[in-house]
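Here is a short tour of ring contacts and domain packing. Have the viewer open as you read.

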Amino acid sequence: MIRTHYLNNSPETQLRNVGWDWMLGADTLPYLTNEAVAIKSYEAEAYYNAANELYEIYAEAAQHAIDRQLWKEMGIPENLIELVKLTWEDERHWHIYGRFDLAGGVGREPIKLIEFNADTATCIPETAVVQWAHLKANQMDESKQFNNVYEALKTQFSELRQRNRHLNPTLLFSTMRDAPEDDTNVAVLGEAAREAGFDVEFSYIDEIEFSPTDGIFKQNPQNGQFESFDFWFKLVPWEYIGYEEPELADLLTSIVKNGKAVIINPAYTLLFQSKYILKLLWDLYPNHPLLLPTSLQPFTDKTSVEKVLFGREGANVRIIESNGAVVSSAEGEYGDYEKVYQEYVEFSRDSLGKRYQAGVFWAGEGCGLGYRRGGKIIDNTAQFVGHVVE
């Protein structure tokens, strides 16, 4: 059973006091609840250990997929296979961060993997900064959280610099237009990268010039000159680039092959992002305590969750009973992808029956916890709920 503490004061004042006013936009605070989930220190430690162990077996499953060339099964676009292999084999292409979505973990409920958002995970501002400010605003000990996200991101960006000393520490962050939530997420990432020693700038992806032989550029609006960047962070999914922007996929492959830029997160995170890896994990580690049975067909003896190989925020998810009846579904734009079927597990609930999904960030190691509260399918209408370690 989930227990929560009521938090009367909004974190807005605290965010302004530390100079993070820009985080008070239209997409960060409205869905923040006035509560914090109460967890025990051993529960926080279990989330931390789960993220670390899951990352290890994800890496092993990815190597298995590469060795057996399971590109088609995993839904990897053909025009990205070379780049996936290239970045996997070269440790200069450093995975900065991702977020594991988990069921359970509170009140002795076992932790179970739902999926891993390894490429373009969001909820960074809420997890790293807002929930901390929320405790502080309510005169609670803000250190009583499993929340080292910001420091872990700085460490990861520092490691990226060290692995690429031959490149200039010029880092361009990009999102697609009209996605303010994405802009706020990369703003936090950009602050962490700046503190790690990068020269950081931002441009929407449609403003960038790509050259297969010269690299990645943006035009300086003051003098009209094109400025080169040796690192590029794109909050744009790799599968979207592969399937919807094939010319860009080819350009990026050439840029990386020619050593002109490092792209973050690296292309191999597409292997982690594909929901087919959930089946692969179950095949490789049957009955692993952190995993749920996953198949290419609905289960006939238990309730299944139908997931598309690439989808976000619960889109195109269906919950199917053993007799084939659909008990819950979410619309979306990813319905053309192949599907996998994961055993259904109930999310933890509070006394009012509201459901909670844990999100545990990984940035070199498990580093932070937040919850999303919603229905049977956690979608883009879910609320963010912070936590406090008692």
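Over the face of which residue does K302 lie, and at what distance from the ring centre? K302 lies over the face of F299, 5.1 Å from the ring centre.

## About the model

This is a predicted model, in which local features need pLDDT of at least 70 and side-chain atom pairs count only at pLDDT 80 or more, while totals for chains, interfaces and linings use all residues. Residues are numbered from 1 along each chain as its sequence is written, and side-chain values use heavy atoms, with hydrogens and water left out.

## Charges over rings

A charge sits over a ring if NZ of Lys or CZ of Arg is within 6 Å of the ring centre and within 35 degrees of the ring normal. Besides K302 over F299, you can look at R163: its charged end sits over the ring of W94, 3.8 Å from the centre.

## Aromatic pairs

There are 24 aromatic pairs in the structure. Rings of Phe, Tyr and Trp (its six-membered ring) pair if their centres lie within 6.5 Å; planes under 30 degrees apart count as stacked, over 60 as edge-to-face and the rest as tilted. One of the pairs is Y58 with F116, edge-to-face at 5.2 Å centre to centre and 70° between the planes. Because Y58 belongs to helix α2 (residues 41-67) and F116 to strand β4 (residues 112-117), this pair ties together parts 58 residues apart in sequence; helices (H or I, at least four residues) and strands (E, at least two) are DSSP runs, numbered from the N terminus. Y58 and F116 are both buried (under 20% relative accessible area, 1.4 Å probe, protein chains only).

The ring centres of F210 and W232 are 5.2 Å apart with planes at 65°, so this pair is edge-to-face. It links distant parts of the chain, with F210 in strand β7 (residues 208-211) and W232 in strand β10 (residues 231-234), 22 residues apart. F210 and W232 are buried.

One aromatic cluster is formed by Y55, Y58, W88, F100, F116, Y268, F272 and W362.

## Two domains

The chain divides into domain 1 (3-275 + 345-389) and domain 2 (293-343), with bounds from an automatic or database domain assignment.

Conventions:
Buried < 20%, exposed > 50% of the residue type's maximum accessible area, 1.4 Å probe, protein only.
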